[in-house]
Amino acid sequence: MFSQINDTITIKDKSYKLLSCPLEQYWRREDNKPPGLGTIFSKLKDKGYIASWKIENSLLYLIDFYGEQADVILTNPYYLLKNRVTIKKLLLTDIFPDTKGNVFAEWYTGQLVIPFSKQTDSSTEFSKSRNEYEITLYVEKGFIIDGNVN
């Protein structure tokens, strides 16, 4: 198994990996995750996308998105013998068409886990990866409510 490709987060002009997936909460709430993301055809592993985030003035913003969406959800392996699968690239404007610029993550309440050192355990389960040092920021409706971002 391959490791999940992490989202990224920018804090004070410095970019870090982000172990959390805030966009998944949006899609659960809205029940509108694009079908075909994260299929076996995607080079982006299980999620099928990479999101870039930014913290500015203690607010969480989605600033970029790149996804790969298959035109078919594979239920029959013989489909591949007779058909060709097309991968469509999705951008931030495909996910939030009415928004220009950064998207305030008002839907997200939870933790942002940011590793600050190299991974010590390369477990195949995303939730069990371990790092020497991680910082956790607590978010409520897009506002950073606890954790140090100074």
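This is a predicted model: local features need pLDDT of at least 70, side-chain atom pairs count only at pLDDT 80 or more; totals for chains, interfaces and linings use all residues.
View 1. Of the 150 residues, 39% are buried. The accessible surface is about 9,500 Å², and carbon and sulfur atoms account for 49% of that area. Counting contacts between residues at least 6 apart in sequence, 58% link residues at least 24 apart.

**View 2. Strand E4 is mostly covered.** Here we zoom in on residues 59-70, which form E4. Nine of the 12 residues in this strand are buried. As a reminder for reading the view, side chains in a regular strand alternate between the two faces of the sheet.

**View 3. E3 and E4 form a hairpin.** Strand E3 covers residues 49-56 and runs antiparallel to E4, with eight bridges joining the two. Look for Trp53, which sits opposite Leu62 of E4. Two residues lie between the strands of this hairpin, and Asn57 adopts a positive phi near 55°.

**View 4. E5 pairs with E4.** Five bridges connect E4 to strand E5, residues 87-91, again in the antiparallel sense.

View 5. Strand E6 consists of residues 103-104 and is antiparallel to E4, with two bridges between them. In this view, Tyr61 has Phe104 of E6 as its bridge partner.

Technical notes:
Residues are numbered from 1 along each chain as its sequence is written. Side-chain values use heavy atoms; hydrogens and water are left out. Buried means under 20% relative accessible area, exposed over 50%, partly exposed in between (1.4 Å probe, protein chains only). Helices (H or I, at least four residues) and strands (E, at least two) are DSSP runs, numbered from the N terminus. Two strands pair if DSSP finds at least two bridges between them. Contact means heavy atoms within 4.5 Å. Accessible areas come from the Shrake-Rupley method with a 1.4 Å probe; for residues, only the protein chains shown count as cover.
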